[in-house]
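Biologist: I have the sequence and the model open side by side, and I would like to know what lies behind the words used for it. Could you take me through them?

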Amino acid sequence: MQNKTLRYLVVATLLFFFKVTTAQEKPELNISRIDSTLIQNANAVVRSEEVITEINSINSITTRTKRIVTVLNKDGKGYADVYESYSPSIKIKKLEAIVYDASGNKIKTYKKKDFSDVSAYDGYSLMNDNRVKFFEYTPLRYPYTLVYESEVETTSTAFIAPWVPIFGYRLSVEKSNFKILNPASISIRLKETNFDEFSVESTKSDQKVSYFISNVSAKVKEVYSPSFYDLVPVAKVALDEFSLEGVQGAASDWKSLGKWQFDELLSGRDQLSEETIKKVNELVSAAKTNKEKAKLIYQYVQNKTRYVSVQLGIGGWMPFLASDVDRLGYGDCKALTNYTKALLDSQGIPSYYAVVYGGRNKRDIDAEFASMQGNHVILNIPEENEDLWLECTNQTMPFNFIGDFTDDRNVLVVTPDGGKIKKTKKYEPQENVLRTTATVKLKTDKSMVAGIKKVSEGLEYGWNSNIQFETLKDQKLKYKEYWGYINALAIHEINLKDNKDSIKFTENIKVSSLSYAKKVGKRLLVTPNLFGCDQSNLPRYENRKTSMVISHGYINTDEYIINLPNGYTFKSLPEKKSIETEFGSYTYELEKITDSQIKFKRFLKIIDGIFTKEKYEEYRKFRSDIKKIDKTRIVLIDHKN
């Protein structure tokens, strides 16, 4: 009897062990199953991804996602951090994550209740009814694999997430599949980009679209490369009939989509009180032109309002009433733009709401594919000879200056007659100028003192003027970092002047260094280019993959009067050096003023543009040659001894 009982326990234990092992092991997730070519240069690998977007009706879309990602190291961890947002119009119906170790053994399962649930508060929103459920796994060791599944239903169909199977650098993809199910045969539009370069397989019918990609090795970021989304396959999807937070719409081109936005999201939201209109009338009474009036109104908005985001329901796309902004004194980009537009309307000055992708990396509204796009709103005032562009969320920016956040890109201008694609202002290299002048006194003990004046215009204004809003301590730290190649640099005085009328920013700085020169016997070695040395250090690529994009051109000029130490002079000065290339030009020049005083002059012009990948090495050499010349030293001789 005891033997039978023992045998039963042994068998039961083995069966239990077998079941547990079977349930917890997934050999196919073992890291050894990943092809070595996909491991190379990768921080993570998408083992498998399937996204199914089902269009139930113009009021309902369901998206089911299953993604398996193996994280190879700590730099790839972000590719396995998962989240889903939800709101009154977005419902999360399923949410699950399972973590496996490198061998494919299950570590833990996380159900929907285990996900963190937080407000989608972005740090500047006053109100926001979006929330986020997210899962962030902290691994004990690498590599590990995360299997993620979700199902989300939304009643707003104006936005359909595009398929971007390669969603970051150093990410390989074993396979990714995107399906659009359209059982009701609702009219949809598609735009496919970079499919041929990645051998994307596609099948299409009235009720189903499918895309598939496999075995894509990780891309490595290269300096001066195009936008990432210009390099990878992307499929955009839009419905010709849609719903946005319960507001129905129909559009197949930018004219009709802009017309819908004007009629449904903007119309009737520009009313102002008679008291406010009277105040604006008095404000602009002495102005003679529409441009002068617009400038006064812009400054009025800057002084009266502040930027606060509000994202409640359709408020994420529909601006506050202009009267509410006038009363409350705050609003988001939509509300402040609409308010400024209303004030201009009161003076008979036409202006238009313009939707844009804001960011330092230029991104266009896709002129060929009408859909809900953009992440920001600015204001367009069409003048007879120029377009004026106003950034209405910034209390300190000069009138008709948008900087590199929204410059030189396609935007959607929303008019009563419909949408139009326009290009925002492009700042040419000759407009983006930084002029640095200085008077320098070198001393016999290797030290130097100098007074420096920097004047910035165009984009250089935007790149340099924000230092005025820093504390004095942080200003000094930034200047020390900017001239970090100067030993023992001390910053003594800083005087800043912001001329918003001419859009010029002037910096007057007094500095010193205890050991600027190098003493060799009775000689001093001095670098005349004290404040304009090129600090670029561009990498060399054996086989560059991407074209080279220089986003913004500019001109930097330097001119210093250098007073030599008492008793020192020079025998000769280096000859003038000049470089001319298709990327720009450079000159370096020293002139004798007296035996104890010399003038240093430097000119650098960089030209923006798109260049072939083969040109990168020429540009790298151009910058390398500049850097070398910038460090040129001269020899000062102590003629007293």
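Modeller: Strand β2 (residues 60-71) and β9 run antiparallel and are joined by eleven bridges. This is a predicted model, so local features need pLDDT of at least 70 and side-chain atom pairs count only at pLDDT 80 or more, while totals for chains, interfaces and linings use all residues. Residues are numbered from 1 along each chain as its sequence is written, and side-chain values use heavy atoms, with hydrogens and water left out.

Biologist: What makes β2 and β9 a pair?

Modeller: Two strands pair if DSSP finds at least two bridges between them, and here there are eleven. Ile 61, for example, stands opposite Thr 154 in β9. Strands themselves are DSSP runs of E with at least two residues, helices are runs of H or I with at least four, and both are numbered from the N terminus.

Biologist: Which other strand pairs with β9, and over how many bridges?

Modeller: That is strand β4 (residues 90-100), antiparallel to β9 over ten bridges. Glu 96 faces Glu 149 of β9 there.

Biologist: Why is strand β9 described as mostly covered?

Modeller: Buried means under 20% relative accessible area, exposed over 50%, and partly exposed in between, with a 1.4 Å probe and protein chains only. In β9 (residues 144-154), eight of the eleven residues are buried.

Biologist: Which residues of helix α3 are buried, and what covers them?

Modeller: In α3 (residues 254-266), the buried residues are Trp 254, Leu 257, Gly 258, Trp 260, Gln 261, Phe 262, Leu 265 and Leu 266. Their cover includes β15 (241-244), β16 (247-250), β20 (352-356), β23 (410-415) and β24 (418-423). Just after α3, Gly 268 has a positive phi of about 80°.

Biologist: Why are α4 and α5 called oblique?

Modeller: The axes of α4 (residues 274-283) and α5 (residues 290-304) come within 10 Å and cross at roughly 125°. Axes are lines fitted to C-alpha atoms, for helices over the stretch in contact, and angles run from 0 to 180 degrees between N-to-C directions. Under 35 degrees counts as roughly parallel, over 145 as roughly antiparallel, 65 to 115 as roughly perpendicular, and the rest as oblique. The two helices are therefore oblique to each other.

Biologist: What meets what between α4 and α5?

Modeller: Lys 279, Val 280 and Leu 283 of α4 meet Leu 296, Ile 297 and Tyr 300 of α5, where contact means heavy atoms within 4.5 Å. Those residues divide into five nonpolar, no polar and one charged. Ala, Val, Leu, Ile, Met, Phe, Trp, Tyr, Cys and Pro count as nonpolar, Asp, Glu, Lys and Arg as charged, and the others, Gly among them, as polar.

Biologist: What makes β27 and β34 edge strands?

Modeller: They belong to an open sheet of eight strands with mixed pairing, in the order β27-β28-β26-β25-β32-β36-β35-β34. β27 (489-499) and β34 (577-581) each have a single partner strand, so one side of each is left without a neighbour in the sheet. On average, neighbouring strands of this sheet are turned by 10° against each other, direction ignored.

Biologist: How many bridges join β32 to β36 in that sheet?

Modeller: Ten bridges join strand β32 (residues 554-563) to strand β36 (residues 597-606), and the two run antiparallel. Tyr 560 has Phe 600 in β36 as its bridge partner. Helix α10 (residues 472-482) packs on the sheet, and its direction makes about 110° with that of β27.
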